[in-house]
Amino acid sequence: MAEANVAKVAPERVKPKKEKPPVKKQTLGMKILTVLFSVLSVFYIAPVFIVLMNSFKTNAGISSAPFQFPNSETFYGVKSYITGMFFGNFPFWKTIVCSLFITVGGVFLILICTSMCAWYLSRSNSIICKIIYYLCIFSMVVPFQMVMFTLSKTADTLHLTTPWGILIIYLGFGAGLAVFMFTGFVKSIPIEIEEAADVDGAGPLRTFFGIVLPIMKPTFISVGILETMWIWNDYLLPYLILDKAKYKTIPIHIQYLNGSYGHSDTSAIMALIVLSIIPIVIFYFACQKYIIEGVVAGAVKG
Amino acid sequence: MFRKPKRKLYSLIFVLPTFAAFIIGFIYPFISGVYLSFCKFKTTSDAKFVGLDNYVKAFHDEGFLRSFWFTALFVVVSVILINLIAFFVAYALTLGIRGSNIFRTVFFMPNLIGGIILGYIWQLIFNGILQNYGTNLALDARFGFWGLIILMCWQQAGYMMIIYIAGFQSVPADLYEAARIDGADKKQVLTNVTIPMMMPSITICSFLTLTNSFKLFDQNLALTGGAPGVVSDSGSMIYQTQMMALNIYNTFYANQNSRGVGQSKAVIFFVIVVVIALAQLYLTRKKEVQQ
Amino acid sequence: MKRKHITRVAALALAGLMTSMALVGCGGSSSSSSPKADKTKDGNASKGKVYYLNFKPEADGAWQNLAKKYTEETGIEVNVETAAEGTYEETLTAAMDKSEAPTLFQVNGPVGLANWKDYCYDLKDSDIYSQLTSKDYALSEGDAVYGISYVIESYGIIYNKTILQKYFDSDFSTVKKIEDVNSFDALKTVADEIQANAAALGVKGAFTSAGMDSTSDWRFKTHLANLPIYFEYKEDGISSTDAIKGTYLDNYKKIFDLYVADSTCAGTDLANKNMTDAETEFSKGEAVFFQNGSWEYTPLTTAGLTDADLGMLPIYVGAGDEANQGLCTGSENFWCVNKNANKDDIAATLNFLNWCVTSEAGTTALAEDMGFVIPFKNAKEATNVFVKADAEYTANGKTPVSWNFTTMPSETWKNGVGTALTQYAAGTGSWDDVVTAFVDGWKTEYAAANAE
């Protein structure tokens with residue numbers, strides 16, 4: 001492939017520059033796209049907005065007119081937030097800490113361990129590495145329901161029922177997706193850079209952390225975001241594994257607002273969903289910056 | 001890269017942590033899961049080996065076969081739609097149109113909320129609309145099907161977009177410059193430079209959408225729950241919009257004899273997904289640019 | 001420079017991680033088992049401990065408090081874990097697999113028991129069994145007693161006394177007092193007349209919406225479906241069957257038709273309606289009748305209705321001896337003790353159960369904090385107006401309708417009937433489909449559940 005060769009013989013270092021300036025001259029087509037996407041955006045925001053709006057309404061208000069703004073009759077104010085946070089006798093702050101810990105810890109562990117693993121797997125040609133790689137892919141197609149019972153049994157046997165232990169489960173169960181994505185991207189990194197580092201006497205560890213890791217930054221961010229969403233919103237796995245008397249995550253906590261005989265406190269559920277989205281929105285906006293910065297990191301490759 | 005003498009050491013450092021967790025979190029539970037599919041059991045500790053019994057039952061289950069075809073149709077439609085939309089959106093957003101950053105944030109938004117909740121919200125929306133026509137998601141399987149497709153496109157397109165954007169951004173700028181110097185027009189750049197360089201992302205995204213759609217559970221449960229269900233002439237209940245994962249899940253708790261059957265369905269399901277996913281990987285990987 | 005940046009990000013992330021870990025560490029140690037409980041665990045390991053897997057999420061807090069009280073009193077450790085709504089079977093399956101499985105769990109009746117019988121300790125010699133006011137409240141097979149009911153509930157047609165009185169007083173009413181609403185025909189007359197004069201009474205309909213959403217459809221696919229099963233069992237003198245004949249399905253149709261016709265909304269909207277809708281309609285006085293049970297007392301009084309507004313009628317379907325029909329009363333919550341737990345834990349669990357239903361603290365908590373009517377000798381007198389109504393009916397010589405829906409073959413069967421009902425109400429399906437789901441579905445599901 002001619003195009004690929006260009007990459008190989010490209011000059012050692014191009015001055016890092018933004019591939020696309022933030023705002024280019026807008027052609028007509030681009031203007032149309034902007035309008036189209038603006039319309040689509042409304043469609044995308046609407047459900048999130050509906051949740052926010054309904055979190056201030058009474059249960060009856062949500063059920064009878066889910067798309068209406070709260071009015072004097074259906075307005076419930078922040079009462080739903082208060083019920084949501086203070087029902088039962090498990091303190092809400094603890095569920096937040098627990099969720100945060102599991103998510104931050106799990107994502108951090110997954111990113112570091114699987115990126116290392118993926119790099120090694122794709123740079124080594126041994127049969128075992130190939131097998132591990134394909135096992136990872138297998139793991140992605142297994143429905144959770146299939147390992148549900150055996151996984152919780154294993155976790156119990158190994159005493160992994162704490163927020164610490166569940167990190168290992170997440171690393172193991174989430175390894176598939178992460179390894180798969182990292183290997184996909186490692187393949188697009190020219191091996192010459194690493195070989196050069198090797199000649200310079202940097203060991204694999206230094207090569208990885210010094211050279212490969214910075215190049216993979218956009219991938220780190222994307223994998224990080226995806227894994228964060230998964231772990232933060234995950235319900236069934238922590239529900240089955242965690243010792244719920246001591247630890248609850250936010251999604252588990254929310255479930256307890258559903259009572260028997262069809263009694264569920266919808267407005268409190270909405271309120272807690274809003275609360276649970278806030279940290280993730282902050283995180284996502286913080287990452288946005290890095291996704292854009294990724295352009296620069298990508299240019300280093302040339 | 002990894003020279004012989006230290007190879008073992010490095011493989012330990014790089015691969016072992018992940019692999020060890022992988023054994024605990026996946027391989028061991030998976031193998032015992034396969035074993036359980038040959039057993040009659042209530043909890044994993046009281047399993048009794050019954051041979052192929054569960055498999056025979058699984059293959060004779062009308063509802064399971066129906067869910068297979070429903071899933072297959074759903075997968076085909078959703079994989080194509082999601083990837084087309086996501087690729088196009090990601091491409092448009094890397095062109096530098098006004099508001100790119102905002103759009104990128106907004107399109108990913110659905111993934112901030114868990115699948116079950118999204119399913120319920122969309123159920124509200126669809127039923128709110130359908131109510132005007134005197135019908136409901138639970139009354140007609142077609143609504144359920146397209147409802148699921150819309151929901152999945154809406155949610156997954158944003159997710160895949162993130163991966164495609166990362167892919168677009170890792171295409172070296174020089175390639176475009178070189179193409180421009182060679183006098184390639186926009187369309188040629190797209191087909192000869194962008195798409196070949198994007199193949200790793202395309203592989204990843206089509207694989208992810210394929211497996212996600214196959215394994216779809218939360219949204220299915222929350223949006224339709226399988227409804228409408230019809231009791232067939234043989235007296236068994238056939239859910240019209242039930243996908244395979246939901247069918248398996250329901251089988252686990254259907255009655256005291258069904259847990260092993262559910263487990264064997266899961267194995268069958270797994271085999272199907274593996275075959276299809278590997279075929280897909282093989283086909284797309286072949287097209288990837290070898291560096 | 002680039003490297004530095006990455007390191008900084010990593011360091012920051014790690015710092016964040018550490019902070020949150022420290023926090024969780026704090027949380028972990030300050031919460032969970034009280035130090036006292038820990039001491040007993042180390043000191044008197046032989047005393048055993050209790051691990052209860054609770055079914056009702058709304059009672060979780062009350063159970064935790066009661067457990068704490070018991071631990072303070074006796075030093076025996078009691079852990080209460082609650083399954084999220086609709087996931088008890090999953091939770092129990094996972095929990096039973098643990099090295100420390102629940103010592104106390106529950107089943108919902110004969111069909112649920114079939115699933116877990118191998119795990120049930122025989123309670124026939126236990127103190128708690130002797131505390132039962134009637135042995136009918138135990139789940140037994142032959143000599144063995146596997147489950148003991150801990151809450152008795154009644155359901156029927158809840159009515160708004162105030163509005164119904166307005167109807168009795170009006171000139172268009174043919175029925176003039178509540179005592180005369182004692183048959184399906186009378187109920188239908190009242191409902192039809194209320195529906196016809198809805199505006200005059202200031203209501204939207206006679207019955208609240210018979211919502212077929214999953215939060216509400218159990219009222220019809222399970223509770224209402226109990227009546228045709230009850231009358232058939234009674235006629236045939238049986239208590240369960242492998243094939244239901246559907247002798248009383250016409251009566252089932254009659255009552256369901258009435259719910260749909262004399263309702264606050266059109267039949268096509270029912271698929272969309274949920275529990276909150278029905279509850280709101282009733283508590284706002286938009287409907288007079290509401291098929292539900294004694295558990296609805298707290299939500300309705302919280303919503304502003306008073307005891308003077310509330311009453312409960314038997315569900316008349318035009319079958320059996322209607323004049324002597326009472327409310328549907330029974331239980332689908334039976335305590336079981338795990339046979340496979342170690343001896344000390346079993347003993348501790350039995351003691352705890354006995355304490356719950358005999359001690360002042362226990363009975364008060366069960367009655368007041370959880371709102372349960374318990375079938376034990378020391379039970380507190382109920383304040384729940386629906387429970388009082390049930391007692392009154394029984395005192396007047398009416399026969400309660402027993403809960404035979406616990407013999408329905410499976411959840412799938414209920415769902416089959418539920419969807420057929422939904423389609424029927426919406427006009428997209430026929431009553432024949434309901435009959436098929438009811439009769440054929442029963443046979444298939446029963447066979448599937450009981451095949452060896």
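**Entry 1: chain C**

I looked up the separation of the two domains of chain C and found the C-alpha centres of domain 1 and domain 2 to lie 31 Å apart. I worked on a predicted model, in which local features need pLDDT of at least 70, side-chain atom pairs count only at pLDDT 80 or more, and totals for chains, interfaces and linings use all residues. Residues are numbered from 1 along each chain as its sequence is written, while chains are lettered from A and ligands numbered from 1 in the order in which they are written.

I noted the bounds as 43–152 + 331–377 for domain 1 of chain C and 155–327 + 393–450 for domain 2 of chain C; such bounds come from an automatic or database domain assignment. I then checked contacts (C-beta atoms, placed from the backbone, within 7 Å). In chain C, 7 residues of domain 1 are in contact with 7 residues of domain 2. On the domain 1 side I recorded 2 nonpolar, 4 polar and 1 charged. Here Ala, Val, Leu, Ile, Met, Phe, Trp, Tyr, Cys and Pro count as nonpolar, Asp, Glu, Lys and Arg as charged, and the others, Gly among them, as polar.

**Entry 2: chains A and B**

I found 80 residues of chain B in contact with 93 residues of chain A. Helix 1 of chain B (residues 4–36) supplies the largest share of the chain B side, 19 residues. That side divides into 56 nonpolar, 21 polar and 3 charged residues.

**Entry 3: chain A**

I listed 14 helices and 0 strands in chain A, taking helices (H or I, at least four residues) and strands (E, at least two) as DSSP runs, numbered from the N terminus. Of its 302 residues, 53% count as buried, that is, with 20 or more other C-beta atoms, placed from the backbone, within 10 Å of their own.

Key: Contact = placed C-beta atoms within 7 Å. Buried ≥ 20, exposed ≤ 12 C-beta atoms within 10 Å, placed from the backbone.
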